Amino acid sequence: MVAAADRGIGAAAGELLGLARSIHAEPELAFAETRSVAKILAPLRERGFEIRTPVADLDTAFTATYGSGELVVGICAEYDALPEIGHACGHNLIAASAVGAALGLAEVADACGITVTVFGTPAEESGGGKVLMLERGVFDGVGMAMMVHPGPVDIAGAYSLALADWSILFHGREAHASAAPEQGRNAADAMTVAQVALGLLRQHLHPGQQLHGIVKTGGVAPNIVPGRAELLYYLRAVDSASLDDLMRRASACFEAGALATGCTHEIRTLAPTYTELTPDPALLSAYREQIVGLGRVPLAQELEAARPLGSTDMGNVTNVIPGIHPVIGIEAGGAVTHQPEFAAACVGESADRAVKDGATAMARTAIQIAGDQFHRDRLLERSLRQRQEDIR
């Protein structure tokens, strides 16, 4: 079965590499990835996958399913890009490797007793497509879920941070900044006081807690007291409990800015909150074995937790469904994700190898787990229990 899956991936290699490069050449932002979705679906439709799109009331979300086995193997594809710097997180490689794994598994779906489903998940960078799809039942009945994400090094047991995505609006009162400044209430000053408070708070944060943000608006002209100002902030922590603590403490800083300047403020959540990755030990062990067998040398296990990947809505999936989100290494010349140089590295020989190795490792992992009666029963029992809870 492994050999048959490998042959399926090998036969599609040219198409997979072309797919990765084509998505890279036309980057699209969150919830607007229409061309990317069409490109991804073409080889799956040709192979006979049953396509559903849109799903979860999201125009650029889809499922593509093949087989009728009891154990549902979910392969997550991401394809959104970043503003201005394109595919600097390598989602073009994620999409192509997901298609490759699915095509390989389609060759052995009946023999393995699996159904393979590609989940097209938009807006990972901002918007939380997977969270919305989870909440709307698209992942119901899935026994295991996986994807691979490019990075500067291979990391089998990748970890991420929980994330809250906030907009903080300060409301003051406009006035002439010279003729009648006493009539104004300066929303930009409220923002400044808040950021000073956040800067002082950083000294006392718990390990793994992070705060980083930008000024979106801070006034319209120097001679008008700003009546409105807005901050965009990410809050991150090692787990959801720590994130709750950080949100409470950061909220006090924003409140302090408003209080000190006579303004008001409001905090809005812009995207669903991301939870931390929780890799399934058995899937992780199987993937590690497979990626090493392909000649890769992943980061030592004792160092994995010390290198969180930022945040991902795949964390929410792995907190509901047994899953993994390993990093597949590419040669990036010292660049890291979210740098223009990393975007440039997501095409080329090393990126091509990552697509093929990622697809192969995921397909082999699914075959290994599906053929292990203990883990097969475990995953089936868990998915059945989840369905029953959903019905209740």
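1. A residue is called buried here when its relative accessible area is under 20%. By that cut-off, buried residues make up 56% of the 392 residues in the chain. The model is a predicted one, and the points below should be read with that in mind.

2. Overall build. The chain's secondary structure comes to 14 helices and 12 strands. Its radius of gyration is 23 Å, close to the 21 Å that the globule rule gives for 392 residues, so the chain is as compact as a globular protein of that length. Taken along the principal axes, the box filled by the C-alpha atoms is roughly 80 × 45 × 40 Å. Of the contacts with a separation of 6 or more, 79% are between residues 24 or more positions apart.

3. Helix α3. This helix has 14 residues, and the distance from its first C-alpha to its last is 21 Å, close to the expected 20 Å. Just after the helix, Gly 48 takes a positive phi of about 100 degrees.

4. Aromatic pairs. The count of aromatic pairs comes to five. One of them joins Phe 49 and Tyr 66, with 5.3 Å centre to centre and 40 degrees between the planes, a tilted arrangement. This pair links distant parts of the chain: Phe 49 sits in the loop between α3 (34-47) and β1 (50-52), and Tyr 66 sits in strand β2 (residues 62-66), 17 residues apart.

5. A second pair is formed by Tyr 233 and Phe 254, edge-to-face, with 5.9 Å centre to centre and 70 degrees between the planes. Here too the pair links distant parts of the chain, Tyr 233 in strand β9 (residues 228-237) and Phe 254 in helix α8 (residues 240-261), 21 residues apart. Tyr 233 and Phe 254 are both buried. Ring pairs also bring in Trp 166, giving a cluster of Trp 166, Tyr 233 and Phe 254.

6. Helix α8. The end C-alpha atoms of α8 are 32 Å apart, which agrees with the 32 Å that its 22 residues should span at 1.5 Å a residue. At the start of the helix, a side-chain oxygen of Asp 239 comes to within 3.3 Å of the backbone nitrogen of Ala 241. After the helix comes Gly 262, with a positive phi near 75 degrees. The buried residues of α8 include Leu 243, Leu 246, Ala 250, Cys 253, Phe 254, Gly 257, Ala 258 and Thr 261. Ser 242 and Asp 245 are also on the buried list. An α-helix has 3.6 residues a turn, so residues three or four places apart point the same way. What do the buried residues of α8 pack against? Their partners are β7 (162-171), α7 (187-201), β8 (210-217), β9 and β10 (264-274).

7. Thr 117. This residue lies in strand β4 (residues 114-120). Thr 117 has a relative accessible area of 6%, so Thr 117 counts as buried. Leaving aside neighbours within four places in sequence, Thr 117 is in contact with Thr 63, Ala 64 and Thr 65, and with Val 72, Val 73, Gly 74 and Ile 75.

8. Met 146. Strand β5 (residues 144-146) holds Met 146, which is buried because its relative accessibility is 0%. The C-alpha atoms of Met 146 and Gly 74 are separated by 6.4 Å, although the two are 72 residues apart along the chain. Beyond neighbours within four places in sequence, the contacts of Met 146 include Gly 74, Ile 75, Cys 76, Leu 283, Met 314 and Ile 324. Met 362, Thr 365 and Ala 366 are also in contact with Met 146.

9. Helix α13. This helix (residues 349-370) has 22 residues and reaches 32 Å between its first and last C-alpha, close to the expected 32 Å. It is mostly covered, with 17 of its 22 residues buried.

Technical notes
Residues numbered from 1 in each chain as written. Heavy atoms only, no water. Phe/Tyr/Trp six-rings, centres within 6.5 Å; stacked < 30°, edge-to-face > 60°. Helix = DSSP H or I, 4+ residues; strand = E, 2+ residues; numbered from the N terminus. Buried < 20%, exposed > 50% of the residue type's maximum accessible area, 1.4 Å probe, protein only. Contact = heavy atoms within 4.5 Å. Expected span 1.5 Å × (residues − 1). Polar contact = N/O pair within 3.5 Å; in protein donor to acceptor, adjacent residues only side chain to side chain. Rg over C-alpha atoms; globule rule 2.2 N^0.38 Å.
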